[in-house]
Amino acid sequence: MASTSTPSGSGQAALPPVDLKPLLTKLWPVNNDVTADDIAEAISHFFTNQVTEAQTAALLMALHFTKLDFRADVLQKTASVMLQAAEEIPVKELNAVLAERGRKEGAYNGGLCDIVGTGGDSHNTFNVSTTASILASSLLMVSKHGNRASTSKSGSADMINSMKPKAPVINAVKPDSLVQVYSATNYSFLFAPVFHTGMRYVAPIRKQLPFRTVFNNLGPLANPVEAVLEARVIGVGRRDLGPAFAEALRAAGCRKALIVCGEEELDEISCAGGTLCWMLREQSPGGVVDITHFTVTPEDFGAKRHPLSEVSPGKEPAENAEILQTILRGEFPLDDPLIDFIAINTAALFVVAGVCEADSSDMGHGDDGKVILERGHAGQRWKEGYRRAKWAIKSGEAWKQWQAFVDVTNKIGS
């Protein structure tokens with residue numbers, strides 16, 4: 001049996017083992033009255049190392065083959081216990097620094113935002129959501145939740161660690177340093193192992209399984225700063241996950257989100273054709289949250305279509321980091337298909353956050369002040385989002401926020 005210990009490894013008495021055989025017997029081969037609460041409770045014991053490796057793997061396999069890990073209530077409940085097990089976030093202090101930074105604009109209230117994908121879509125594209133998160137920091141306060149690669153060549157953390165001439169110290173971003181980070185920059189990268197420490201008991205087991213597990217879906221739903229997260233875009237690699245993610249987010253109290261799935265089963269907004277969307281919006285402050293389903297195309301943003309074969313494929317981390325740097329420094333051709341791919345995804349986060357609802361624009365260098373008021377699907381200003389995404393590159397503002405993030409994390413980590 002796997003050894004048991006406390007999540008912190010602080011030397012306190014080990015917690016008693018938990019036997020999942022009764023649950024596993026109900027689950028497999030036929031799901032027999034197992035509830036989302038049953039599954040969430042079982043998974044909560046993963047993070048305290050109270051379940052053997054064999055039973056951990058068995059539960060992950062059972063959820064995969066019964067497709068219970070695609071059910072909205074299971075996703076919501078298990079994401080909730082994962083967040084409860086995460087490191088505690090200084091919510092009051094974070095809210096104070098966000099208010100002090102005063103990034104409000106349009107319908108955006110200055111809160112933290114994230115753009116993330118589930119991965120595992122087999123398309124091996126460039127690190128689009130990570131690049132989009134940095135571009136978005138030109139106007140938004142961003143908390144990019146990410147990890148090393150599990151299904152691709154280059155995970156978000158892998159690419160960021162390869163940035164030159166100096167990489168940020170992502171391990172320096174911890175609950176007790178978040179306020180210092182956001183006092184210096186609009187951007188932060190939250191390295192999952194630093195915040196979800198209990199996952200260290202699960203990670204080796206996941207690596208030995210030949211298929212995706214429920215944790216591939218939970219990562220995007222378990223941003224550790226959930227309590228101060230205002231808006232998010234989540235890409236899913238299977239269209240049947242879209243409604244489940246939307247319902248899971250609504251049940252968790254989320255009020256601004258966009259779930260996207262390219263028609264090629266791509267976990268980003270596609271530059272090649274249609275993208276299925278599920279948007280969460282509240283009807284009025286504190287009111288009912290509706291879910292609207294629609295399809296967007298690059299033309300809805302004012303962009304051109306490009307086959308996925310024309311955009312830069314996912315390469316090794318160092319190569320992706322070099323591309324990212326040239327984009328942020330404004331040295332990458334703005335008419336390259338990859339820029340359109342990244343810009344439409346950045347635009348989506350601007351739209352969801354609400355900055356595109358501003359009727360005037362004074363963003364500084366490179367901004368002509370001409371807000372595009374045209375509205376498209378779900379009554380949103382997608383073209384204005386795209387205009388702002390291009391500005392984030394041309395103005396150098398995203399590069400400025402990135403450099404500030406590198407500097408502050410190196411200062412903290414030294």
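Thr130 touches Lys144, Ser156, Met159, Ile160 and Tyr187, not counting residues up to four places away in sequence. The model is predicted.

### Exercise 1: Thr130

**Solution.** 
- Step 1. Find the element. Thr130 sits in helix α6, which spans residues 128-136.
- Step 2. Take the relative accessibility. For Thr130 the value is 2%.
- Step 3. Apply the cut-off. Buried means under 20% relative accessible area.
- Step 4. Conclude. Thr130 counts as buried because its relative accessibility is 2%.

### Exercise 2: Val74

**Solution.** 
- Step 1. Locate the residue. Val74 belongs to helix α4.
- Step 2. Judge the burial. The relative accessible area of Val74 is 0%, so Val74 is buried.
- Step 3. List the contacts. Val74 contacts Ala36, Ile39, Leu68 and Asp69, with neighbours within four places in sequence left aside.

### Exercise 3: The domain division

**Solution.** 

### Exercise 4: The interface

Characterise the interface of domain 1 and domain 2: how many residues are in contact, and what area is buried?

**Solution.** 
- Step 1. Count the residues. Domain 1 has 24 residues in contact with 29 residues of domain 2.
- Step 2. Take the area. Interface size is often expressed as the accessible area lost when the parts come together. Between domain 1 and domain 2, about 2,300 Å² is buried.
- Step 3. Carbon and sulfur atoms account for 79% of the buried area.
- Step 4. Check the charged pairs. There are 0 salt bridges between domain 1 and domain 2.
- Step 5. Check the polar pairs. Between the domains, 2 residue pairs are in polar contact, both at pLDDT 80 or more.
- Step 6. Assign the helices. On the side of domain 1 that touches domain 2, α3 (53-66) and α4 (72-85) each supply at least two residues. The largest share, 8 residues, comes from α3.
- Step 7. Sort by class. That side of domain 1 has 14 nonpolar, 6 polar and 4 charged residues.

Notes
Residues numbered from 1 in each chain as written. Predicted model: local features only at pLDDT ≥ 70, side-chain atom pairs only at ≥ 80, totals over all residues. Heavy atoms only, no water. Contact = heavy atoms within 4.5 Å. Buried area = accessible area lost by both parts, 1.4 Å probe. Salt bridge = Lys/Arg side-chain N within 4 Å of Asp/Glu carboxyl O. Polar contact = N/O pair within 3.5 Å; in protein donor to acceptor, adjacent residues only side chain to side chain. Helix = DSSP H or I, 4+ residues; strand = E, 2+ residues; numbered from the N terminus. Nonpolar A, V, L, I, M, F, W, Y, C, P; charged D, E, K, R; others polar. Buried < 20%, exposed > 50% of the residue type's maximum accessible area, 1.4 Å probe, protein only.
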